[in-house]
Amino acid sequence: MTLETTARRSPDPLDTILFQSPVVEIGAFRVGPGHPRFEDSGPIQRHILVFPRTFVRIAHEGGEGFLAGPDLVTYYNRGQVYRRASVRGLPDRCEWFAFGSQVLTEALERWDAAAAGRPSAPFPFAHGPGDSISYARQRRVVELLASGKRPDAAEVEEESIEVLARQLAAAYRSRGRLPSPRPPAAVRLERDLAENAKAMLSESLERPRPLADLASGLGVSVFRLCRVFRRRTGTTLHGFRNRLRLTASLERLEDHRGDLTRVALDLGYCSHSHISAAFRREFGSTPSAFRASLAAPALRAARHRSR
């Protein structure tokens, strides 16, 4: 798996690539109204969803113009030619998500059975309503990547897939479309898939397992695995694995085995501070405080015996 953990320039100088994997590529696009390519920055190089940060007028070739802004998501098929016009002299600032072809096709087929038959133009619309939860999620992912911190690839991929699914749902529902129903047999298969995924995640806590490898081992696509697991368990694969690691850390802290840095490294965390932050989010206290709370009764008993 290719993973970029540090922002870098793409072949297009207007783009900064924040993340790359077989599942999703994420980038930031910036161009000011004085730039020679502001009005026409050339055809789109990928099938992408775009989250605008500023208002800008967009007109796809052959289509009506519209006002793009944080209230909607714009969709571009590869090769799309378009024009841009500034609003009040503002630059165009946005982030984009480009998904692997299998992920994108499967996400679209939930709403549009004909999507697989048009690989060169999977998106049938130029824009759709924004989903506030998705907007917040993609901002969180982008800020994490832009911060220079080392992200967990599975977490970035799962969040991106959830953003894609929610945004497509908003776009199609705004056009009066309903998702394809799932037959009872499919529901049973989903239950088994979620249970098998749990078992596989429990096999190795100390090393991350790429989503593509996990999905391949279960005989399903990455998109199906992520969506089914969240639907059946209410959490992500990354969140479930993290919970397993943290519950395992409780036992090690109870047994007083090694210092916290060693516990962190043994369970696949990169540092003392990494496990401490995750531990606090999960249990409401730090590992040190938890260990101290375990020691306190023993100390009181020892003092009582010495009297």
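# Salt bridges and strands in a predicted model

Modeller: In this predicted model, the side chains of R83 and D40 meet in a salt bridge, 3.3 Å from N to O.

Biologist: Why is the contact of R83 and D40 called a salt bridge?

Modeller: The cut-off is within 4 Å, from a side-chain nitrogen of Lys or Arg to a carboxyl oxygen of Asp or Glu. R83 and D40 stand at 3.3 Å, N to O. So the pair qualifies.

Biologist: What makes this pair a tie between parts apart in sequence?

Modeller: R83 lies in strand β8, and D40 in the loop between β3 and β4. The pair therefore ties together parts that are 43 residues apart in sequence.

Biologist: Why is R83 called partly exposed?

Modeller: Buried means under 20% relative accessible area, and exposed means over 50%. R83 has 38%, so it falls in between. D40 has 34%, so D40 is partly exposed too.

Biologist: How do you know that E190 and R231 form a salt bridge?

Modeller: Their closest N and O atoms are 2.8 Å apart. The limit is 4 Å, so the pair counts. E190 lies in helix α4 and R231 in helix α6, so parts 41 residues apart in sequence are tied together.

Biologist: Are E190 and R231 buried or partly exposed?

Modeller: E190 has a relative accessible area of 1%. That is under 20%, so E190 is buried. R231 has 37%, so R231 is partly exposed.

Biologist: What separates K198 and E195 in helix α4?

Modeller: They are 3 residues apart, about one helical turn. Their side chains meet at 3.8 Å, N to O. That is within 4 Å, so this is a salt bridge. K198 is partly exposed at 26%, and E195 is partly exposed at 44%.

Biologist: Which residues do salt bridges with shared partners join into one network?

Modeller: R30, R53, E95, R139 and E143. By the same rule, the count comes to 21 salt bridges.

Biologist: Now the strands. Why are β2 and β3 called paired?

Modeller: Pairing needs at least two bridges. β2 and β3 have 5, so they pair. They run antiparallel, and a hairpin joins them through 3 residues. I17 has G27 as its bridge partner in β3.

Biologist: What makes β3 mostly covered?

Modeller: 7 of its 8 residues are buried.

Key
Residues numbered from 1 in each chain as written. Predicted model: local features only at pLDDT ≥ 70, side-chain atom pairs only at ≥ 80, totals over all residues. Heavy atoms only, no water. Buried < 20%, exposed > 50% of the residue type's maximum accessible area, 1.4 Å probe, protein only. Helix = DSSP H or I, 4+ residues; strand = E, 2+ residues; numbered from the N terminus.
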